Amino acid sequence: MIRINDILDKVSNYNPEANLDIIERAYIYSARVHEGQIRLSGEPYLSHPLEVAGILADMKLDAVSVAAGILHDVIEDTHATAQEIMEIFGEEITHIVNGVTKLSALSFGSSQARQAENIRKMILAMADDIRVILIKLADRLHNMVTLNFHSEDKRLKIAQETLDIYAPIAARLGIYWIKKELEDTSFMYLQPEEYAKIKEFVSTNREEREKYIETVKSFIEKKMDEANLKCEVMGRFKYYYSIYQKMIKQGLAFEEVYDIIAFRIILDTIPKSYEALGIVHSLWKPVPKKFKDYIGVPKPNMYQSLHTTVIGPYGERIEIQIRTREMDKVAKSGIAAHWSYKEGKRSDEQIRKTFAWIQNLVENQENIGDPDEFLENVRIDLFPDEVYVFTPRGEIKSVPRGATPVDFAYLIHTEVGNQCAGAKVSGRIVPLQYELKTGDTVEIITNKKGHPSKDWLNFVKSVKARSRIRQWIKTEEKERSLTLGREMCEKAFRKDRLNFNTLLKSEDMGKVVEYFGFKTIDDLIASVGYGKITPLQIIRKITPKPEPDEKHESILEKIISRVRKKKPKAGIVVKGVDDILVKFGKCCQPVPGDPITGYITRGYGVTVHRTRCVNALKMSPERQIDVQWNLDLVDTYPVKIRVRSYDRVGMLADIAATISKNGANIVSASTETRESKIVDSFFTIAVEDTNHLKKVVSAIRKISNIQEVKRIDR
Ligand code: MN
């Protein structure tokens with residue numbers, strides 16, 4: 001437990017002229033009225049107001065704030081009255097304590113209107129005296145630290161409220177260390193499992209990571225020193241909630257979040273900061289679009305810094321912040337850094353400027369009667385990661401930062417999204433990848449015959465748009481294979497002088513559906529289109545023949561045996577479809593790492609070609625289907641290479657030995673002698689992927705008398 005002397009020391013450290021007397025008197029009074037009260041933690045109640053006052057002293061606030069912090073709970077929780085406080089401590093402190101007491105009575109329930117009303121009160125309190133909010137933040141911070149003594153229900157409610165209301169307010173006021181602590185503690189209670197995972201992830205290899213921080217840090221210091229820049233470099237782990245948000249936003253598994261370490265370079269002046277940025281960018285390649293100049297354009301809460309992300313020494317991303325010492329002070333304590341509260345003087349020009357936004361909100365709320373509308377306005381200021389745009393009718397919609405007209409279209413309605421053909425922003429046609437900005441009026445141009453494109457998945461930001469586009473593609477692929485399956489069945493049945501469409505309605509067909517384990521006839525037919533079963537299999541079930549058509553059978557078997565039967569997926573993922581026969585184009589022999597495209601082949605599933613294969617280009621686009629390499633599955637794939645060399649004794653043996661030494665099997669080999677002692681050797685070798693192939697090829701190139709080694713199509 002913090003002692004009153006610690007608090008007094010802290011305050012006189014940053015303000016030797018502070019009125020310590022008022023803090024001491026507040027302490028004595030608070031100790032008297034809280035006497036005998038115990039917190040849920042079992043500690044004397046007084047520990048809480050003291051901790052809160054300690055946090056306020058960490059924020060370097062004035063003596064009145066610290067004293068008010070010690071008194072913040074007396075009206076609410078003891079027999080003390082506002083009048084008594086007024087008599088002992090005067091108007092200023094009473095005013096603040098009253099404000100905190102009023103705020104404490106607010107509960108941010110789920111009802112939107114009530115929440116709006118409460119945020120409104122909060123903002124009015126801020127406009128009235130910002131210290132009320134600062135005390136409330138310190139109060140919440142300490143309450144979060146001791147939240148484990150509450151019941152589960154209460155814990156969740158308080159944690160959610162902290163995340164929804166208090167953390168954004170702390171961020172808006174520029175007090176980032178409080179924002180981070182509020183977010184991390186809320187996160188710990190709201191998603192304990194995720195929290196634990198990230199915590200463990202960050203702590204594994206901690207030693208190694210610390211060594212890494214040290215290495216990068218001293219490297220930066222050395223380079224800055226060489227450029228005669230005096231600086232201080234700090235490396236730190238990012239806080240858990242920010243790692244979690246990164247995972248959610250970018251859809252990453254936590255092993256994939258590499259940039260959990262950030263560096264900060266502190267310099268003396270602004271020109272030196274830009275110079276340092278130049279050095280960082282010359283050392284490591286900057287990641288495009290990640291550079292932010294908050295020195296040139298400060299955040300509304302006065303935050304200033306240069307932010308950049310670079311590809312670090314080991315190919316990993318590093319976030320680097322560069323700023324002056326003064327800017328660092330502001331970033332740490334936000335508005336408190338601008339605090340020039342002199343006794344008796346309510347606020348100065350600097351503070352007035354800083355809080356212009358509060359003034360704005362207050363003025364606006366007087367003109368806006370509707371609480372929902374007011375809340376929307378507040379959100380714009382409190383949640384900078386969202387962008388607010390308007391429909392042509394003037395309704396306001398929030399989309400994630402970076403969202404495009406396609407995201408907006410899906411937000412309006414799934415149909416609008418699916419038929420989105422173009423967009424106008426404030427009357428001007430924009431590309432579908434256009435990044436929406438707050439204040440844009442967005443009009444979506446639809447086309448009844450239009451449909452989503454797979455490319456959209458590369459730029460949409462909202463979860464809704466992404467899932468709806470995927471859904472559409474899946475349905476559409478099913479419909480396509482249904483049409484194809486029907487076409488194939490009709491043909492095959494006709495050959496056997498059967499009428500597919502008549503049989504479709506028969507009872508026998510119902511049995512066939514059941515036999516193959518499908519729920520509906522459509523599923524059965526679609527699976528023919530996908531190539532999971534053949535029309536012939538259906539025919540045999542529906543008209544069991546004592547002797548099956550041997551000739552037909554053998555051709556079928558032959559073709560199927562060419563398909564990789566043991567592993568039907570064979571290292572390929574077909575989007576939206578499970579368990580499908582896959583074979584590889586003999587013409588182009590794709591290997592993992594090659595760009596590939598799939599084509600639905602009549603009756604035999606999906607054939608995979610290299611995207612640039614001539615045969616693939618000839619296929620009907622109707623039959624095209626998205627496929628991807630399944631990199632979890634290690635297999636080998638045949639690929640043909642041509643080795644051109646001067647003929648010499650033992651050449652073939654050398655090549656063969658090199659191939660097998662590099663882990664590839666030779667499937668077949670042949671040679672052709674060309675003019676003047678030049679020999680072409682052709683090998684079909686089994687490799688794991690394109691990297692493996694590259695390795696083999698470059699090893700062969702090193703053999704003496706080799707002229708050229710080349711992958712060939714057939
Ligand atoms: Mn309290």
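The buried residues of helix α11 are Y176, I178, K179, L182, E183, D184, T185, S186, F187 and Y189, where buried denotes a relative accessible area under 20%, exposed one over 50%, and partly exposed a value in between (1.4 Å probe, protein chains only). Helices (H or I, at least four residues) and strands (E, at least two) are DSSP runs, numbered from the N terminus. Helix α11 covers residues 176-190, and its end C-alpha atoms are 21 Å apart, in agreement with the 21 Å that its 15 residues should span at 1.5 Å a residue. The expected span is 1.5 Å times one less than the number of residues in the helix.

The model is predicted: local features need pLDDT of at least 70 and side-chain atom pairs count only at pLDDT 80 or more, whereas totals for chains, interfaces and linings use all residues. Residues are numbered from 1 along each chain as its sequence is written, and side-chain values use heavy atoms, with hydrogens and water left out.

A manganese ion is coordinated by H48 (NE2), H72 (NE2), D73 (OD) and D139 (OD), at 2.2 to 2.4 Å. Donors are N, O and S atoms within 2.8 Å of the metal (3.2 Å for Na, K and Ca); water is not among the atoms, so sites may look incomplete. Along the chain, the donors of the manganese ion follow the spacing H-x23-H-D-x65-D.

D328 is part of helix α16 (residues 325-333) and has a relative accessible area of 7%, so D328 is buried. With residues up to four places away in sequence not counted, D328 touches R264, I266 and R323, a contact being heavy atoms within 4.5 Å. T690 belongs to helix α30 (residues 690-701) and is buried, with a relative accessible area of 17%. Under the exclusion of residues up to four places away in sequence, T690 touches V591, P592, G593, D594 and R711.

Four strands form an open sheet in the order β13-β15-β14-β16, with mixed pairing. Its edge strands, β13 (582-584) and β16 (624-625), each pair on one side only; two strands pair if DSSP finds at least two bridges between them. Strand β14 (residues 596-601) is joined to β16 over two bridges in the antiparallel sense. G598 stands opposite I625 of β16.
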